[in-house]
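Please open the model in the viewer and keep the sequence at hand. The stops below are to be selected in turn.

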Amino acid sequence: MTSFRLLLVITFLSLSCKEDKNHPENSTPLDQKERTKTAFNGTMKLVIDGKTYQYDDIDWEKSRVKYDDNIRLSLVQERMPQLKFRFPEVKESLAAQSTFKLPDIHRGKLPISINFILYVKEEGKSREAWTFRTGELEAHLKNDRLQMSFDGVGGPSLDASKIYPISGSIDIQL
């Protein structure tokens, strides 16, 4: 009888330790966990010539975030324009103001720059460099988290005659 009770207890314990598949709300799917991590690291929205890109699945393996006296970002998400952003002497700059006119040649320092690599379907081309030429950038840095928005115009780096509206926002943990 004792071995029967022991077997019964072992069976009961093994059944109670298994994951309850009838209650999926108790577990988070893997892709949702990854999205939560991605959202914590950062998100971005970009509008170029009326086309909106929502970056909520940034490839952090291919992206680069460098933060010391300067901020240098290279944000990559598959099938989206790549963002390249440089903000020199960020702490000193943001201590004085939060809104900047671009190009910001008046600062007497290295300029803030926003560039993009767009994927194009033209024959012979696979990528095209674009530059944010003029506009306004608003930035806030708190607890190593950069929140910024920009609005202005830009276009292909090699053709200054083509101008398109460009706007966006970034919220990223540095």
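Is Leu-75 buried or exposed? Leu-75 has a relative accessible area of 0% and is therefore buried (under 20%; exposed is over 50% and partly exposed in between, with a 1.4 Å probe and protein chains only). The model is predicted, with local features requiring pLDDT of at least 70, side-chain atom pairs pLDDT 80 or more, and totals for chains, interfaces and linings using all residues. Residues are numbered from 1 along each chain as its sequence is written, and side-chain values use heavy atoms, without hydrogens and water.

Remain at Leu-75, in strand S4 (residues 71-75); strands (E, at least two residues) are DSSP runs numbered from the N terminus. Beyond residues up to four places away in sequence, its contacts include Met-44, Trp-60 and Ile-172 (heavy atoms within 4.5 Å). The C-alpha atoms of Leu-75 and Met-44 are 8.9 Å apart, across 31 residues of sequence.

Next, select Gln-147 in strand S9 (residues 145-156). Gln-147 is partly exposed, because its relative accessible area is 40%. Ile-172 is 25 residues away in sequence, with 6.6 Å between the C-alpha atoms.

Finally, display the aromatic rings. Rings of Phe, Tyr and Trp (its six-membered ring) pair if their centres lie within 6.5 Å; planes under 30 degrees apart are stacked, over 60 edge-to-face and the rest tilted. The count is five aromatic pairs. Phe-87 and Phe-100 are edge-to-face, at 5.3 Å centre to centre and 90° between the planes. Phe-87 lies in strand S5 (residues 82-87) and Phe-100 in strand S6 (residues 99-102). Both Phe-87 and Phe-100 are buried.

Methods
Helices (H or I, at least four residues) and strands (E, at least two) are DSSP runs, numbered from the N terminus.
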